[in-house]
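Okay, everyone, let's get going.

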Amino acid sequence: MFTDDAGKGGIAAGGPGNSENSMRRTGGDLVQLITPAGERISHPEFDPWLQDVSDEQLCALYEDMVVIRRIDAEATALQRQGELALWPPLLGQEASQIGSARALREDDFVFPSYRDNGVAYCRGVKPEDLVRAWRGNASAGWDPFTVNVATQQIIIGAQSLHATGYAMGIQNDGADCVAVAYFGDGATSEGDVNEAMVFAASFQAPVVFICQNNHWAISEPVRLQSHIQLADRASGFGIPSMRVDGNDVLAVMAATRIALDRARRGGGPTFIEAVTYRMGPHTTADDPTRYRDANELEDWAAKDPISRMKSLLERKGLLTADLEAAVAAQADAVAKELRAGTINMPEPQPLDIFKHVYSTPNSWLDRQQEHYSRYLASFGDPAEAASEEGAR
Amino acid sequence: MTQMTFARAINSGLRKSLENDPKVVLMGEDIGALGGVFRVTDGLQKDFGKHRVVDTPLAESGIMGTAVGLAYRGYRPVVEIQFDGFIYPAFDQIVSQVAKMHYRTQGAVKMPITIRVPFGGGIGSPEHHSESPEAYFTHTSGLRVISVSNPQDAYTMIQQAIASDDPVLYFEPKRRYHDKGEVDESVDLSSALSMEKARVVTEGTDVTLVAYGPLVKTARDAALAAADEGISVEVIDLRSLAPLDFATLEASVRKTGRLVITHEASQSGGLGAEVAASITERCFYHLEAAPVRVTGFDVPYPYSKLEMHHLPGLDRILDGVDRALGRPNSLSGLEG
């Protein structure tokens, strides 16, 4: 009973039309709009939310997914080549991230986990900024306020509360933007995620919880986290939820739009379970062969988000040689930019360690910095020492 | 000058901050209609509304985590932790998020969050209601930690804490809530003593006695008692626990040559250890004797009928002063 039916082609038995009643659905059957074979399935409840998605936009979604997969592959390669200390691949989760991120408005604010690099990319984070922290050159890659994306969260689920608090602030401001928390299946066991849902429901805060159920929390399967479907947990908090095929970019986009619209109109929080699969390791330091079956990987490979989108475009006659060439060129260009940006990233300086601990001077730290500075200086000028060495 | 209780002084400072800055938001359990279990927020929700004085669900991590989100949105949350012993569920959010966010984001995201913690014992409470957890937080980089000992400081320093762009833990000595004192509510924050500065509250020449929060009153009483025996004790109210104001401490110890530190918290790894080690490093040749710590024992906070054995009282502090001065004391004849 813990297996889900993502990609099996089941059509959700959604309620009729867009009545508020059916909109406030909780969990239920998996919503799928594009089958693994690339067939577009109509859905009375979700289709109205996609009416404006043009052929051009379908192609753009495809391009986004190809590019982010390429970024992911390039970053993994950079890690293998010693240029990054670690990388958390998102392989397989492209539709969940692109479909949701492309539904957002610029003034919405995202609170992501460490694996949500596809989301960050869509928000305008530069390729080298995606890897800055993984190279060890900083703790965070970007200024959150330039892209409205908080610093990536490694403490599992902690960001769900930040999103909820941010949403409470939106409410106080009388604004109609939305805070969005991204987390995984493992995070749903964390107290913070549960507390976030309590607060979000109590205050009817404009927050959307996007849970990418990728089936694995490092080596622990989702059935260890929950005895019921993750989407069904939300009903206990009085939060409407949707359970969508996370490898279907349109289903994810429609669900996100429904949730955002509800939040903007004062309807409070929504929980979206995007059922997907982590095709790669937890991080580049992980070895999934120790804990999962190769057959499972094969099953999910058949439900790949990009190949199904490609099939959809093909069926619609949109997959031209020009498009494929343009998408490949874009992926190559971004990968090249990522590689160059990584390798040429300026090294942090030793005394940077003391920067930004406080926003105002701190007498303890100033003293430690001064002492360490003197210690470093006691070795003399490194450039001078090197030239003396050469003269010998 | 107005005569008011310690609790009222904090209330008045909170009110002033709410009036002066529309981004100040109070959050906590029972702080609205009830006015907090100690009535510190009495009347504030009525006057400023439910969106500025927010009764939260009973989830400390939730309170702290949503405060982080509000700070991201440009607010200045003031969080009340109902009792010292209830802060631990919020520990991760405080240590991993509140304290580090500015550092993690290279200064892009400020966390101007004030965390009010009624702390310390002496009120006959059941377990988890009398703790002194300050050292967990002084050990955490990125936090400022202060403790107030009198109504005037309580009034002034709550406003300084709220105005700080860094997160501040504000430890309130709950057993002093009903003590009264004169408070000048017209005090100008910019010219008031910085919340990072310690204050010499009793001048003396023979021994430096360092205290903070609830024990400042006890230390002053001890200094008066010592004076009867012809011993001149200089009492320093630390006020700021992180960073420590070493300039004030050093000046005093250079004068007296002797140091006694007292706190309710357990001894090992506590503030006393930090003060003793740092002063020894900085003023070794001025010290006439080893620094002395008079603190709570390394035990869980005891049940209330025994708490007066755990809490440093006037006599134990005087015994510590005797030890620092080499006078006969309870440990006379023991090595080390």
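So, in α5(A), the buried residues are P127(A), D129(A), L130(A), V131(A), R132(A), A133(A), W134(A) and R135(A). By buried I mean that 20 or more other C-beta atoms lie within 10 Å of the residue's own, with 12 or fewer counting as exposed, anything in between as partly exposed, and C-beta atoms placed from the backbone. Helices here are DSSP runs of H or I with at least four residues, strands are runs of E with at least two, and both are numbered from the N terminus.

Before I go on, this is a predicted model: local features need pLDDT of at least 70, side-chain atom pairs count only at pLDDT 80 or more, and totals for chains, interfaces and linings use all residues. Residues are numbered from 1 along each chain as its sequence is written, while chains are lettered from A and ligands numbered from 1 in the order in which they are written.

Back to α5(A), residues 127-135. Eight of its nine residues are buried, so this helix is largely enclosed by the rest of the structure. What does the covering? It includes α2, α4 (117-122) and α14 of chain A. Just after the helix, G136(A) takes a positive phi of about 90°.

The axes of α2(A), residues 55-80, and α14(A), residues 321-343, come within 9 Å and cross at roughly 35°. Those axes are lines fitted to C-alpha atoms over the stretch in contact, with angles running from 0 to 180 degrees between N-to-C directions. Their contact residues divide into 13 nonpolar, two polar and four charged. For the classes, Ala, Val, Leu, Ile, Met, Phe, Trp, Tyr, Cys and Pro count as nonpolar, Asp, Glu, Lys and Arg as charged, and the others, Gly among them, as polar.

Now the core. The largest nonpolar core has 189 residues, and A181(A), V207(A) and L209(B) are among those with the most contacts inside it. A nonpolar core is a set of buried Ala, Val, Leu, Ile, Met, Phe, Trp, Tyr and Cys residues joined through C-beta atoms within 7 Å. Helix α11 of chain A, residues 249-264, gives the most to this core, with 11 residues. As for A181(A), leaving out residues up to four places away in sequence, the residues it touches include F111(A), Q159(A), A196(A) and V207(A). Contact means C-beta atoms, placed from the backbone, within 7 Å.

How do the chains meet? 35 residues of chain A are in contact with 32 residues of chain B. On the chain A side, the largest share, 11 residues, comes from α7(A). That side has 18 nonpolar, 14 polar and three charged residues.

Over to chain B, which comes to 12 helices and 14 strands. Its radius of gyration is 20 Å, close to the 20 Å that the globule rule gives for 336 residues, so chain B is as compact as a globular protein of that length. That radius is taken over C-alpha atoms, and the rule is 2.2 Å times the number of residues to the power 0.38. Buried residues make up 56% of the chain.

Last stop, P291(B), in the loop between α10 (271-283) and β14 (292-296) of chain B. Buried or exposed? P291(B) is buried, with 23 other C-beta atoms within 10 Å. P291(B) and V260(B) are 31 residues apart in sequence and 5.8 Å apart in space, C-alpha to C-alpha.

Definitions and conventions: Contact = placed C-beta atoms within 7 Å.
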